[in-house]
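The sequence and the model are shown first.

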Amino acid sequence: MSKPISIAQLKRNLTGHPERIATMIRALPMMIAEEVKNPHPDGKSPKVIKGLQKRLDMCIKLQMETI
């Protein structure tokens, strides 16, 4: 599996695009819920959930800055 995009790069990609931010805010909670329901057999779920939560927090903060 490839390495996910860094939070800083994601923030640069989303800056100035409120429709992309809104899409991420809708999608990330569903991704977190799926990860909670179906954990990885090798035990990486807590790390994955933490990374997704950081991305969600960044998107929410970015949305508040653009409003």
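## Contacts and overall fold

Among contacts in the protein chain between residues at least 6 apart in sequence, 64% join residues at least 24 apart. The model is a predicted one. Its secondary structure consists of three helices and zero strands, in the order α-α-α along the sequence.

The C-alpha trace of the protein chain spans about 40 × 20 × 15 Å along its principal axes. The chain has 67 residues, and 21% of them count as buried. Its accessible surface is about 5100 Å², with 63% of that area belonging to carbon and sulfur atoms.

## Nonpolar core

Ten residues form the largest nonpolar core: L10, L14, I21, L28, I32, L52, L56, M58, C59 and L62. At least two residues of this core come from each of helix 1 (7-14), helix 2 (18-37) and helix 3 (45-66). Helix 3 supplies the largest share, five residues.

L62 is one of the core residues. Leaving aside residues up to four places away in sequence, L62 touches K11, L14, T15 and I21.

## Charged side chains

The protein chain carries 12 positive and 6 negative side chains. The centres of the two sets lie 6 Å apart. Side chains of opposite charge can pair when their charged atoms come close. How many salt bridges does a search of the whole structure find? The search finds one.

That salt bridge joins K37 and E34, whose closest N and O atoms are 3.3 Å apart. K37 and E34 are separated by about one helical turn, because they are three residues apart in helix 2. K37 is exposed, with a relative accessible area of 58%, whereas E34 is partly exposed, at 40%.

## A buried glutamate

E35 also belongs to helix 2. Is E35 buried or exposed? E35 is buried, yet has no salt bridge. The nearest side chain of opposite charge is K44, 10 Å away. A salt bridge requires a side-chain nitrogen of Lys or Arg within 4 Å of a carboxyl oxygen.

Not counting residues up to four places away in sequence, E35 touches H40, S45, V48 and I49. Among these, S45, V48 and I49 fall within the range of helix 3 (45-66).

Conventions. Residues numbered from 1 in each chain as written. Predicted model: local features only at pLDDT ≥ 70, side-chain atom pairs only at ≥ 80, totals over all residues. Heavy atoms only, no water. Helix = DSSP H or I, 4+ residues; strand = E, 2+ residues; numbered from the N terminus. Buried < 20%, exposed > 50% of the residue type's maximum accessible area, 1.4 Å probe, protein only. Contact = heavy atoms within 4.5 Å. Areas by Shrake-Rupley, 256 points an atom, 1.4 Å probe, with all protein chains shown as cover. Lys, Arg positive; Asp, Glu negative; His and termini not counted. Charge placed at Lys NZ, Arg CZ, Asp CG, Glu CD. Core = buried A, V, L, I, M, F, W, Y, C linked by side-chain atoms within 4.5 Å.
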